[in-house]
Amino acid sequence: MKIRSTTSLDLDVLVDTVHTAFGRFPETPGENGGGLWWSAVEMDRGVLAFTDDGKAVGTATAYSFELTLPGDVLVPAAGITGVGVLPTHRRQGVLTGMMRFQLAELRQRGEFLAVLLATEGGIYGRFGYGPATYTRRLTVQRSQGAFRADRAVSGSIEVLKRPECGGIMEEVYDRYRRAQPGALSRPRRWWELGAGMPPVVPAPRYVAVHRDADGVPDGYAGYTLTDGSLVIDETITGDDAVFTALARFALDHDLVTEVTFKHFPTGHPLRWQLADINAGQLSSEIDWLWVRLLDVPRALTARGYVGDGELVLDVDDPFLGEHGRYLLTVRDGRAECVPTDRAQDLSLDVRDLGSIYLGGTTPSTLIRAGHLRAHSSAAALTADSLFRSAHPPHCLHWF
Ligand SMILES: CC(=O)SCCNC(=O)CCNC(=O)[C@H](O)C(C)(C)COP(=O)(O)OP(=O)(O)OC[C@H]1O[C@@H](n2cnc3c(N)ncnc32)[C@H](O)[C@@H]1OP(=O)(O)O
């Protein structure tokens, strides 16, 4: 097997191989429909695997995203996607080879974080990725959608069709994601081409745009309405009152029997604002963003922290055959992380460090699961308090 990086000349073979791996009908990359997703692929970041006789059998690509960390710190993160191996060549180590190649390549570029959305939960842990954010939907029957109290909301809502939005969605999304741990930047190319969410979903689609009292857009909800079911694919705002205003708009919509909020954020107050706390049904939670640390000290010093404390972490990285012990010292929200030979407080696999990194999974949950080992009960408490995020992480970007 030969594995190499792609160039722009490889686009057709990459698309064709991914489509065959996923069992989809091949589409030519273009400016509409299924081609939209491919239009933003960065061909200098792709990986192709070939058999000895030159047949392409495996693919992986990466976007250059910015990820928001706890403390509203923005860092570069490689968004791994387009991973596929032809059905005829599976379970022969093709993905393993590509993952090894890709992680080495990311390091050569100086990157220290990779993220992805997994098609199946059993694939990526072995490569050092851990689930770090989760998602679920809230569905409210409109007949039960009364609010407990009227709250004065300043501002207005206008319904636009996606092509009428101009730069509004991009501006609102960009402000939102900078203050939302776990959120990702979106490729400019998707916005330029009028992408919806996810970008492969075709129009028509409506966008309820909220504007503040000065007329400045400060939130939007992109939705479709089919057979009485209004589905909001994303509600983007950093302001709870604006979220509520958009929710009221949807629940007041005529000819609607139920409203579904996709990617409903954990701990969001909307259910408490409804007159009946049981009016909304939450779906079960599923994994969303997976995180892989490629440089532990760099990653741990990049994020912000809430409390003070110190912890010695003993981190194993079996896939890359690496091991390190680090003293993490947090003061005034910032961390230092240096190699140490002090006794460890916490022993963990790098995949579990990825899971706790954004504050969406508590170390104590993984201690109880038997994945992390705390060498004292004080260490478990310190780990929980250091790794939490003041603002729970949330990612609703699909890629
Ligand atoms: C970020 C994204 O793009 S997610 C998209 C992932 N792609 C897909 O789901 C498309 C359809 N599936 C595929 O193309 C392939 O089955 C892949 C890419 C998931 C796996 O590729 P393969 O070349 O078969 O993987 P490889 O042979 O390297 O397997 C490595 C290990 O992972 C395990 N593994 C591979 N796929 C899976 C899976 N879906 N579930 C659980 N374990 C898996 C293998 O059993 C193997 O285990 P072992 O080391 O204990 O023997």
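A residue is buried if 20 or more other C-beta atoms lie within 10 Å of its own, exposed if 12 or fewer, and partly exposed in between, with C-beta atoms placed from the backbone. The model here is predicted: local features need pLDDT of at least 70, side-chain atom pairs count only at pLDDT 80 or more, and totals for chains, interfaces and linings use all residues. Residue numbers start from 1 along each chain as its sequence is written.

**Exercise 1.** Work out whether Phe 399 is buried or exposed, and find its contacts.

*Solution.* Start with the position: Phe 399 lies in the segment after helix 11 (helices are DSSP runs of H or I, at least four residues, strands are runs of E, at least two, and both are numbered from the N terminus). Next, count: Phe 399 has 22 C-beta neighbours inside 10 Å, so this residue is buried. Finally, leaving aside neighbours within four places in sequence, Phe 399 is in contact with Tyr 63, Gly 79, Thr 81 and Leu 117 (contact: C-beta atoms, placed from the backbone, within 7 Å).

**Exercise 2.** Say which residues UniProt lists for "active site".

*Solution.* The unreviewed UniProt entry lists Tyr 124 and Phe 399; positions follow the numbering used here, feature names are shortened, and annotations may be inferred rather than shown by experiment.

Conventions: Contact = placed C-beta atoms within 7 Å.
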